[in-house]
Amino acid sequence: ESLFVIQKKAIRVVCKTNWRAHSTPLFHRLRTLKLFDINKLQTGCFMFKAINNQLPPMFINYFTINRNIHHYYTRQSKNVHLTPVRATLRKFCIKSVGSSLWNSLPAALKNYQSIHSFKTAYRNFLIAMDVAA
């Protein structure tokens, strides 16, 4: 939280606005991602690489697609299988956060062929979502 407050102060200084001005329009005007959105972008890029087998070999079986678990079609067959977690700390690991983030993405974002095009489209998506919220 404190880093996010510092980021908001910095964007107000860059835009030369009042110290009490709303920061969301400033982020949108500069097309800059908020700290939490940067985290989502990095997690999304990691998941894109994991799904497309672009990570080191130790991550090959780290995530499982639902169609590999069920031998019949389900509505969630293209999603990443969510492993149940009991501990609070486990909820914040990349396996849990990344899987739920990837499953929440629109299908159009998941279908990109290169990491560069995915990253650009996902960044634009996050900026657009921030304005809509």
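Select Leu3: it is exposed, with a relative accessible area of 56% (exposed means over 50%, buried under 20%, partly exposed in between, using a 1.4 Å probe and protein chains only). This is a predicted model, where local features need pLDDT of at least 70, side-chain atom pairs count only at pLDDT 80 or more, and totals for chains, interfaces and linings use all residues. Residues are numbered from 1 along each chain as its sequence is written, and side-chain values use heavy atoms, leaving out hydrogens and water.

Leu3 sits in helix 1 (helices are DSSP runs of H or I, at least four residues, numbered from the N terminus).

Together with Leu3 they make a nonpolar surface patch of about 450 Å². Patch residues have over 30% relative accessible area and no salt bridge, and nonpolar side chains are joined within 5 Å. A salt bridge puts a side-chain nitrogen of Lys or Arg within 4 Å of a carboxyl oxygen of Asp or Glu. Areas come from the Shrake-Rupley method with a 1.4 Å probe.

Which helix gives the most to the nonpolar patch? Helix 3 does, with 3 residues.

Next, select Ser23, in the loop between helix 1 and helix 2 (24–29). Is Ser23 buried or exposed? Ser23 is buried, at 7% relative accessible area. Show Lys8, Ile11 and Arg12: Ser23 touches them, not counting residues up to four places away in sequence. Contact means heavy atoms within 4.5 Å.

Notes. Patch = residues over 30% accessible without salt bridge, like charges linked within 9 Å, V, L, I, M, F, W, Y side chains within 5 Å. Helix = DSSP H or I, 4+ residues; strand = E, 2+ residues; numbered from the N terminus.
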